[in-house]
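Colleague: I should like to learn how to read the features of this model in order. May we begin with the sheet and then turn to the helices and single residues?

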Amino acid sequence: MPAMTRDELLRLRCTEQDWTIWQSRARVDAIWAASAAHARRVAQARAALADFVSGERGYIGISWGKDSTALLSLVVESDCDWPLVHVIIEPVANPDCDKLRDAWFALYPALRERYYEVRVRCQTKERTGRYDTNAAYRAGFAAAARRFGKRYVSGIRAEEAGIRKRVVKHLGLGDEDANTGRPLGWWRSEDVYARLLGFPLHPSYPCSLNGGYERGRVRVNNLWGLYGEGHGRQEWEARYYGQTIRAIERQHCIDLETPPTFDDCVPRLIYPVTA
């Protein structure tokens, strides 16, 4: 099956009203994309990326959220040939990340040759019974570090959370001696959306509950999590990913009755990745 175009992907789940709102926001994004301030931030990020990857080899972390996708847009225009690694948490992974991945492969076929997935089966927490995605991520990134080294480039931005702002402020964007590169550290969300105007983007972002859900709240890597439940997240997931959520809930009931074994939860490195 051919990969989707950018607009086909963006219109995959949103309503007509969502799409009208998205197009209106995109016009504002285009104005910012043409600004000198945005150009300076892009130049700063390119320089930070080049500085970091001039050191000991590592990998590029990809979640297919807007920030790591913006990071990827810089990587494909650079000389960096580091492997790309996506840690996938099962059974709560967003199914549209694969569609976005394939759209990028269609535009940049050489990416497939250095793209890896680390799949981790999630266990449930004894106290709450919910999936322990944090532990699964730790296991997945540890597996990536064993395979590719401890140094990696991340798409984290200071604007996203207080702890991230402190990290970027005190540790900077990362240089050739650091373990984590943060080239987008000082970007704001408008920089991310402006940068991605010409690149494939995850179909979750235009889904705004007809304007009632801010695109800055959208998280695409996992579904059915605790984060953001009090801010309309559950309603958003039910509206746009209802079938997937019901499948996760059915699997969760099975896992409570028969928990996955230790062997089930050992991270699995997938390469090559096929559509």
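Colleague: In what order do the six strands form the open sheet?

Modeller: First, the basis of the reading: the model is predicted, so local features need pLDDT of at least 70 and side-chain atom pairs count only at pLDDT 80 or more, while totals for chains, interfaces and linings use all residues. Residues are numbered from 1 along each chain as its sequence is written, and side-chain values use heavy atoms, with hydrogens and water left out. In general, strands of a sheet pair through backbone hydrogen bonds, either parallel or antiparallel. Helices (H or I, at least four residues) and strands (E, at least two) are DSSP runs numbered from the N terminus, and two strands pair if DSSP finds at least two bridges between them. Here the order is 5-4-1-2-3-6, with mixed pairing.

Colleague: Which strands stand at the edges?

Modeller: Strand 5 (180-181) and strand 6 (268-270) do; each has a single partner strand, so one side of each is left without a neighbour in the sheet.

Colleague: In which sense do strand 2 and strand 3 pair?

Modeller: Strand 2 (residues 84-90) and strand 3 (residues 115-121) are parallel, joined over seven bridges. Glu 90 has Arg 121 of strand 3 as its bridge partner. Pro 91 lies in the loop between strand 2 and helix 5.

Colleague: Where is Pro 272, which is joined to Tyr 271?

Modeller: Pro 272 is in the segment after strand 6. The bond joining Tyr 271 and Pro 272 is cis as well, with omega about -5°.

Colleague: What span should the 18 residues of helix 3 have?

Modeller: The expected span of a helix is 1.5 Å times one less than its number of residues. For helix 3 (residues 36-53) that gives 26 Å, and the end C-alpha atoms are 26 Å apart, which agrees.

Colleague: Which residues of helix 3 are buried?

Modeller: Buried means under 20% relative accessible area, exposed over 50%, and partly exposed in between, with a 1.4 Å probe and protein chains only. In helix 3, His 38, Val 42, Ala 45, Ala 48, Leu 49, Phe 52 and Val 53 are buried. Seen down the axis, these buried residues fall within an arc of 125°, so they line one face of helix 3; the arc is that of the directions from the helix axis to the C-beta atoms. They pack against helix 2 (16-33), helix 4, strand 4, strand 5 and helix 8 (189-195).

Colleague: What covers the buried residues of helix 5?

Modeller: The cover includes helix 1 (6-10), helix 4, strand 2, strand 3 and helix 9. Among the buried residues of helix 5 are Asp 96, Cys 97 and Trp 104.

Colleague: With which side chain does Asn 221 make a polar contact?

Modeller: A polar contact is a pair of N or O atoms within 3.5 Å; within protein, one must be able to donate a hydrogen and the other to accept it, and residues adjacent in sequence count only if both atoms are side-chain atoms. The side chain of Asn 221 makes such a contact with that of His 86 (3.0 Å). Asn 221, in the loop between helix 8 and helix 9 (233-257), counts as buried at 13% relative accessibility. Residues touched by Asn 221 include Asn 94 and Tyr 137.

Colleague: Is Asn 94 buried or exposed?

Modeller: Asn 94 is buried, at 3% relative accessibility. Asn 94 lies in the loop between strand 2 and helix 5 (96-107), and its side chain makes a polar contact with the side chain of Tyr 241 (3.4 Å).

Colleague: What is the phi of Leu 209?

Modeller: Phi of Leu 209 is near 50°, a positive value in a residue other than glycine. Asn 210 also has a positive phi, about 55°. Leu 209 is partly exposed at 30%, and Asn 210 is partly exposed at 37%.

Terms used. Contact means heavy atoms within 4.5 Å. Lists of a residue's contacts leave out its neighbours within four places in sequence.
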